[in-house]
Amino acid sequence: MSDSENGRRLHAVDDGLLRRRAAISDLGDALRLLVEHAAATEAPTEELRRAAERIRQAAAPLGERVRGRHDSPTADDMLAGVRLYNPVTGAGSALAPPLEIHSDGDLSIGACTLGLAFEGPPSFAHGGVSAMLLDQMLGYAVGHSGNPGMTVRLDTGYRKPVPLLTPLRLTAQVTGIEGRRVTATGIIAVAAEPGEILVEATGVFVALRAEQARRLFGQAIGRMRQSRAG
Ligand SMILES: CCCCCCCCCCCC(=O)SCCNC(=O)CCNC(=O)[C@H](O)C(C)(C)COP(=O)(O)OP(=O)(O)OC[C@H]1O[C@@H](n2cnc3c(N)ncnc32)[C@H](O)[C@@H]1OP(=O)(O)O
């Protein structure tokens with residue numbers, strides 16, 4: 001194959017991957033709309049039954065070809081940090097708010113709005129959801145510092161309830177590195193009042209030894225490399 005033919009082929013593959021990722025995000029948007037409407041609806045009982053039937057029909061073709069536990073999604077690129085079904089940030093996840101995170105120097109900054117599907121106390125977020133958002137924020141900050149690891153401890157302090165349907169601002173940063181152990185802290189605030197802390201967290205993350213990474217993730221990474229090569 002000539003260089004230009006090869007280039008066109010690679011370009012076509014990239015286009016296909018980009019189209020697939022866009023379709024996954026589109027499906028994720030539709031699912032999140034469904035989840036939010038399902039949590040908020042006061043539609044008549046018969047409408048709920050009809051909707052359940054239609055949703056089962058729509059789900060069936062998606063279940064015809066599925067990946068196993070150790071197969072990475074074909075549209076993901078784990079080594080490049082592309083995780084479309086991450087339950088906190090994934091554009092394709094029905095469960096994710098989704099939380100959008102970027103870095104400004106050493107500070108990781110997140111933004112999301114939680115819908116009624118995330119309700120714990122009436123009109124406020126479930127405490128476990130706040131912990132989940134902060135685990136992701138701290139994990140991102142730890143990864144961004146160049147010392148990625150897994151959470152071994154997460155302490156959350158709930159100072160004030162987190163309002164639903166309100167833009168939120170989350171921040172996180174690494175505060176200490178001791179051998180394999182990295183400590184990070186983070187907060188959740190309302191975007192309009194970023195100085196008022198609603199929830200704060202401190203997390204300890206431990207970098208995996210090569211043998212641990214192979215044992216825990218080797219199969220998934222190996223299969224992903226194989227499918228990329230093929
Ligand atoms: C841009 C990028 C985006 C990247 C964005 C990515 C975001 C992802 C965010 C989500 C992150 C997750 O939820 S991760 C999923 C939840 N976490 C897990 O499932 C982890 C489960 N835990 C484990 O599998 C294990 O603990 C390991 C493999 C992590 C470590 O095992 P180990 O190697 O045996 O660890 P061990 O020797 O006991 O401990 C290592 C060191 O850590 C300390 N240590 C251990 N546990 C604790 C603890 N609870 N609190 C304090 N310190 C502890 C020990 O004292 C020791 O210190 P010293 O003696 O060395 O001083």
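Where is the place of P98?

1. **A cis bond.** P98 sits in the loop between α2 (45–62) and β1 (100–104). The peptide bond from P97 to P98 is cis, with omega near -15°. Most peptide bonds are trans. Helices (H or I, at least four residues) and strands (E, at least two) are DSSP runs, numbered from the N terminus.

2. **Basis.** This is a predicted model: local features need pLDDT of at least 70, side-chain atom pairs count only at pLDDT 80 or more, and totals for chains, interfaces and linings use all residues. Residues are numbered from 1 along each chain as its sequence is written.

3. **Ligand shell.** The ligand is surrounded by 18 residues (C-beta atom, placed from the backbone, within 6 Å). The closest are G139, G143, M150, V152 and R153. Two or more residues each come from α3 (127–144), β3 (150–158) and β6 (199–206). α3 gives the most, with six. By class, the shell has six nonpolar, eight polar and four charged residues. Here Ala, Val, Leu, Ile, Met, Phe, Trp, Tyr, Cys and Pro count as nonpolar, Asp, Glu, Lys and Arg as charged, and the others, Gly among them, as polar.

4. **Strand β6.** Its side chains alternate. V199, A201, G203 and F205 point to one face and are buried (20 or more other C-beta atoms within 10 Å, all placed from the backbone).

5. **Pairing.** Strands pair if DSSP finds at least two bridges between them. β6 runs antiparallel to β3, joined by eight bridges. G157 stands opposite E200 in β6. β5 (residues 181–190) also pairs with β6 in the antiparallel sense, over eight bridges. There, A184 has G203 as its bridge partner.

6. **Core.** The largest nonpolar core has 30 residues. Such a core is a set of buried Ala, Val, Leu, Ile, Met, Phe, Trp, Tyr and Cys residues joined through C-beta atoms within 7 Å. L133, M137, L138, A141, A184 and I188 have the most contacts inside it. α3, β4 (168–178), β5 and β6 each supply at least two of its residues. The largest share, eight residues, comes from α3.

7. **Positive phi.** Most residues other than glycine have a negative phi. S123, in the loop between β2 (107–112) and α3, has a positive phi of about 75°. L165, in the loop between β3 and β4, has phi near 55°. S123 is exposed (12 or fewer other C-beta atoms within 10 Å), with 12. L165 is exposed, with 12 other C-beta atoms within 10 Å.
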